[in-house]
Amino acid sequence: MADPDVLRGGAWIGVLERLALTATLLLGWPEGVPVVLAVKGLGRFAELKETPAAERFIIGTLTSVLWAGACAGVAVLAAR
């Protein structure tokens with residue numbers, strides 16, 4: 001039986017999420033950020049309904065958004 005405190009595939013999902021978020025920001029489409037987050041949330045909704053991992057999911061998502069924003073910002077500054 002799987003541990004309810006652990007969401008499987010989180011590392012891969014996190015990498016893909018940060019790439020997608022960074023790409024949307026670098027392409028000048030900030031509206032893509034809520035799209036990416038909605039897709040991620042809907043994909044995990046069933047797993048998060050009754051698990052203690054929900055708090056970690058929210059913290060991880062916020063960290064990913066901040067990290068992707070910082071990477072996009074550094075890329076924009078480096079391109080100047």
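**Close-up 1. G28 follows helix α1 in this predicted model.** The phi of G28 is positive, near 75°. Helix α1 itself covers residues 10–26.

**Close-up 2. Helix α1, end to end.** The helix has 17 residues. At 1.5 Å a residue, α1 should span 24 Å.

**Close-up 3. The buried side of α1.** Five names make up the buried set: G14, E17, L21, T22 and T24. Around the axis they cover an arc of only 160°, which means that they sit on the same side of α1. Their packing partners are two helices, α2 (32–48) and α3 (54–79).

**Close-up 4. The face of α1 turned away from its buried side.** Exposed residues are found here. They are A11, W12, L16 and L19.

**Close-up 5. The salt bridge between E17 and K40.** The closest N and O atoms of the pair are 2.8 Å apart. E17 belongs to helix α1 and K40 to helix α2, so the pair ties together parts that are 23 residues apart in sequence. Side chains of opposite charge can pair when their charged atoms come close. The structure holds one salt bridge. Are its two residues buried or exposed? Both E17 and K40 are buried.

Methods: Residues numbered from 1 in each chain as written. Predicted model: local features only at pLDDT ≥ 70, side-chain atom pairs only at ≥ 80, totals over all residues. Heavy atoms only, no water. Helix = DSSP H or I, 4+ residues; strand = E, 2+ residues; numbered from the N terminus. Expected span 1.5 Å × (residues − 1). Buried < 20%, exposed > 50% of the residue type's maximum accessible area, 1.4 Å probe, protein only. Arc of directions from axis to C-beta. Contact = heavy atoms within 4.5 Å. Salt bridge = Lys/Arg side-chain N within 4 Å of Asp/Glu carboxyl O.
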